[in-house]
Structure formats: structure tokens, C-alpha cells
Amino acid sequence: MNRRSVILTGATTLALPRLLCADAPVTVVLVHGAWVGNWYWQSVEARLNARGIASRAPDLPATDAAIGVNTLADRLAQTIEAVGSAVVMVAHSAAVRIATAAWDRARSSVRSVVMIEGPLPLAPPPEVIPADTRTLEYLIVKAPGIVDAGLWPAPAALRARYGDRVRPQSLASLTSEVILKNGPLPPEPTRYAVSMTDSPLAGLARKAQGVPGWGHVTLSGTHDVAGSAPDALTDLIAAVADGASQR
């Protein structure tokens, strides 16, 4: 027998499938995007912990030009597999690329994924997310020094907002293609793509609309989701975690 758990987030109603069975422990793994660190999730972690939801936020620095998606994905997969319980993986922005590769490696542990305004794994394998050649071409013209160094300094807006906590990010971790090593990602559980109302990157998540296996959610706020919408994001994560615990 099935029942459904429904949450309201902004203008979006999201129905999550649930099964009537004993709750299983779930841990939320929060994956930060480019130029920041695991400190980015402090406000969301505090809210999750206040609700009794376990969370982990691994730090994934990529301040060496040689560090690419595969290296970071391996580290993230190790964190996921070490959790010891079912995982809801939440990835923000550029971390979506890394999280997709980690999901491939640790798929037996991942129960649900929430991907916020990043390059979604919508295409069939083996080439799930192609290399971001448009960004590379732009940098070759506008900032060839970044391409030569293989490191992208944090944008001025991030430096102004977060000060010396931001750090450069390797181009390889931002632009290289993601190849699934273990075949197609499992059709279950449903993936959730999140758009923010006041973000120029909202279209990345909207690509999931109408795609089988994906749910799309819109939250009020900017691309800086942990800073602009920690409560709404926590509500969403808690609902997804609740659904994952019932499977």
C-alpha cells in the first residue's frame, strides 16, 4: 500500500512517494559548489540537525589545477560509503557534475538526489554530462590566463560576500566531461532538480521538466541557495529524506 507525502515550496507542490514500512536511517550529504567549502552549508546543517536529520558536508577543495571531476568524485563517494546509512545527496551548482560521478560510484548507498542549478545528468550514458566547451571557449577569449594556469579565481561577487573563505577552483573540476563507469544510473529513486526564482542559472534545473524520473521544484531566492533560502531548502531536503527513509 502506498501513500504520498506532499510539501509546498514556493509556487511548487511536490508529491513524494512513500511506502508504509519501518523508517530506515537516512543521512543527508551536502555537496558544495565551486570556490566555496563545506562551511557553505552551515545554516542548512543547523536546521537539519534541529529536526533530528543527520547530515555530512565534506570539504572538496580543488585548488590544484590537476584536480578534476574524477578525483573529487572519488573523495565524495568514499564519504557516502562511509556514512553507514542510506544517503540523500544534495549538490549545488558546479557540484552537480561531481555528484553525478560520485553517485555512479556509490549508487548502492544513494537513495535520492537533489540537484540545484547545475548541469543535470539528463543524457544517456556513457557520456552523461559532456565537457563544458562553451565555458572554455569563453575563457580562452576573455581570460586566457585562467586557461593557462588551469585555475579559476573566485568571482568578485563571491569574494565580496564571503571574504577570504573563498578559494580558486581548478578548471578540470568545472568543465571536464563525466563518464558513468557502471552503466546507466538507476531509474529509482526520483531525482529532484531545483530552480531559484531570482537566478540566471534557473534554466539548468528547468531542463528536467517533463523528463521521466525527474521532479522539478522552484524555490524563492538567488543562486546562493544556502544564503537566500535555507528554510525552504531545508523543508525540501527534509521531505525528500522522509520519503527516502520509507524505502
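**Close-up views of a predicted model**

**View A. Contact between helices α1 and α10.** Helix α1 spans residues 42-50 and helix α10 spans residues 230-245. The two helices pack with their axes 9 Å apart, at an angle of about 50 degrees. This angle makes α1 oblique to α10, and the crossing of the two helices is right-handed.

**View B. Contact between helices α2 and α3.** The axes of α2 and α3 cross at roughly 55 degrees and come within 8 Å. That angle makes α2 oblique to α3. The crossing in which α2 passes α3 is right-handed. On the α2 side, the contact is made by Val69, Asn70, Leu72, Ala73, Asp74, Leu76, Ala77, Ile80 and Glu81. On the α3 side, the contributing residues are Arg97, Ile98, Ala99, Ala101, Ala102 and Arg105. Two packed helices are described by the angle between their axes and the distance between the axes.

**View C. Burial of helix α3.** Helix α3 is mostly covered, with eleven of its eleven residues buried. Among the buried residues are the alanines Ala95, Ala99, Ala101 and Ala102. Val96, Ile98, Thr100 and Trp103 of α3 are also buried.

**View D. The aromatic cluster of Trp39, Tyr40, Trp41 and Tyr162.** Ring pairs join Trp39, Tyr40, Trp41 and Tyr162 into a cluster. The count of aromatic pairs comes to five. One of the ring pairs is formed by Trp39 and Tyr40, whose ring centres are 6.4 Å apart. The planes of these two rings stand at 70 degrees, so the pair is edge-to-face. Tyr40 is buried, with a relative accessible area of 7%. The rings of Tyr40 and Trp41 have centres 5.3 Å apart and planes at 80 degrees, so this pair is also edge-to-face. Trp41, like Tyr40, is buried. A pair of aromatic rings is described by the distance of the centres and the angle of the planes.

**View E. The charged end of Arg165 over the ring of Trp39.** The charged end of Arg165 sits over the ring of Trp39 and is 4.1 Å from the ring centre. Trp39 counts as buried, because its relative accessibility is 14% and the limit for burial is under 20%. Trp39 also belongs to the cluster that contains Tyr40, Trp41 and Tyr162.

View F. Most residues other than glycine have a negative phi. The phi of Ser93 is positive, near 60 degrees. Ser93 lies in the loop between β5 (86-92) and α3 (95-105), and Ser93 is buried at a relative accessible area of 15%. The phi of Glu117 is likewise positive, with a value near 45 degrees. Glu117 is placed in the loop between β6 (110-116) and β7 (127-129). Glu117 is buried, with a relative accessible area of 1%.

View G. Thr79 is located in helix α2, which covers residues 69-82. Thr79 is buried, with a relative accessible area of 13%. When neighbours within four places in sequence are left aside, Thr79 is in contact with Arg56 and Pro58.

**View H. Leu219 in strand β12 and its separation from Asp198.** Leu219 belongs to strand β12, residues 214-219. Leu219 is buried, with a relative accessible area of 1%. Leu219 and Asp198 are 21 residues apart in sequence, and their C-alpha atoms are 9.2 Å apart in space.

**View I. The chain as the setting of the close-ups.** The chain contains ten helices and twelve strands. Of its 247 residues, 53% are buried. Among contacts in the chain with a separation of 6 or more, 70% are accounted for by residues 24 or more positions apart.

Conventions:
Residues are numbered from 1 along each chain as its sequence is written. This is a predicted model: local features need pLDDT of at least 70, side-chain atom pairs count only at pLDDT 80 or more; totals for chains, interfaces and linings use all residues. Side-chain values use heavy atoms; hydrogens and water are left out. Rings of Phe, Tyr and Trp (its six-membered ring) pair if their centres lie within 6.5 Å; planes under 30 degrees apart count as stacked, over 60 as edge-to-face and the rest as tilted. Buried means under 20% relative accessible area, exposed over 50%, partly exposed in between (1.4 Å probe, protein chains only). A charge sits over a ring if NZ of Lys or CZ of Arg is within 6 Å of the ring centre and within 35 degrees of the ring normal. Axes are lines fitted to C-alpha atoms, for helices over the stretch in contact, and angles run from 0 to 180 degrees between N-to-C directions. Helices (H or I, at least four residues) and strands (E, at least two) are DSSP runs, numbered from the N terminus. Angles under 35 degrees count as roughly parallel, over 145 as roughly antiparallel, 65 to 115 as roughly perpendicular and the rest as oblique. A crossing is left-handed if the near helix is turned anticlockwise from the far one by less than a right angle, and right-handed if clockwise. Contact means heavy atoms within 4.5 Å.
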